[in-house]
Amino acid sequence: MSTFKPVTKPGIPYHVGVVMDGNGRWAKSHGKPRLEGHQKGAEVARNIVKWAKELGVRQISLYAFSTENWSRPKLEVRGLMSLLAMMLPRSIPDMMENGVRFLVLGDITPFPKRARKAVEKACSETKNNTEIDLILCLNYGGQQEVVAGVKETIKWLATQVDAEKALAELTPEIFRSMLWRHDLAPVDLLIRTGGERRISNFHLWDAAYAELYFSDVFWPDFSKQDLQAALDDYAVRERRYGKTSEQVTQ
């Protein structure tokens, strides 16, 4: 468990992660092309940041493009990259008005130049905002993040005077500092929409202690009421981290 203890309101998760699933099935159910489902989903992604801020959440991470998504049809991948390049710049005024700091979790170097520039511009222009963090997970995979963390740890050990002693004293907190997420708060609540019951390589390290919430609602139909329902469910969970109820309530 991380020792990162961010301040938040009682019963409100500090960091909420969302697997935004169901765009394609929403489009199919409405007789529309898949890209239209992604466009509708992108609108909801913009709205959920405002809803999260209003409800007291301080960080929200959205699983926008996984490392496995490269295997989707090329036309769909191109459409997703174009959507990112087009919609992100349009969202910057809204992020500035609402105090949103835009961050990225993942490796965007393989992205087309236009999409990469849009991401970098959003990060740069919102870097001083403090109301809420929007972390867009792009070309992200939890297993890939852990492997990258192992590589960083090996490099770190090579710089230690006594590498064997440093390895023996390696803790989960030190290892987390080697991960891409080192400057993010641990995920408190992980939501997946669209009816599936798995986390699909999302936030694997933090999933160890995140509360899981699954919604049958397709992402394009996800509303503020649906987010509130997830937060209400979270509020009555008892987070024990291996302790007993009696220990937690003392």
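Trainee: What makes R181 and D206 a salt bridge?
Mentor: A salt bridge is a side-chain nitrogen of Lys or Arg within 4 Å of a carboxyl oxygen of Asp or Glu. The closest N and O atoms of R181 and D206 are 2.8 Å apart, so the pair meets that definition. R181 lies in the loop between α7 (172–176) and β5, and D206 in the loop between β5 and β6 (211–214), so the bridge ties together parts 25 residues apart in sequence. Helices (H or I, at least four residues) and strands (E, at least two) are DSSP runs, numbered from the N terminus.

Trainee: On what kind of model does this rest?
Mentor: The model is predicted; local features need pLDDT of at least 70 and side-chain atom pairs pLDDT 80 or more, whereas totals for chains, interfaces and linings use all residues. Residues are numbered from 1 along each chain as its sequence is written, and side-chain values use heavy atoms, with hydrogens and water left out.

Trainee: How are K155 and E152 classed?
Mentor: K155 has 53% and is therefore exposed, whereas E152, with 35%, is therefore partly exposed. Their side chains meet in a salt bridge of 3.5 Å, N to O.

Conventions: Buried < 20%, exposed > 50% of the residue type's maximum accessible area, 1.4 Å probe, protein only.
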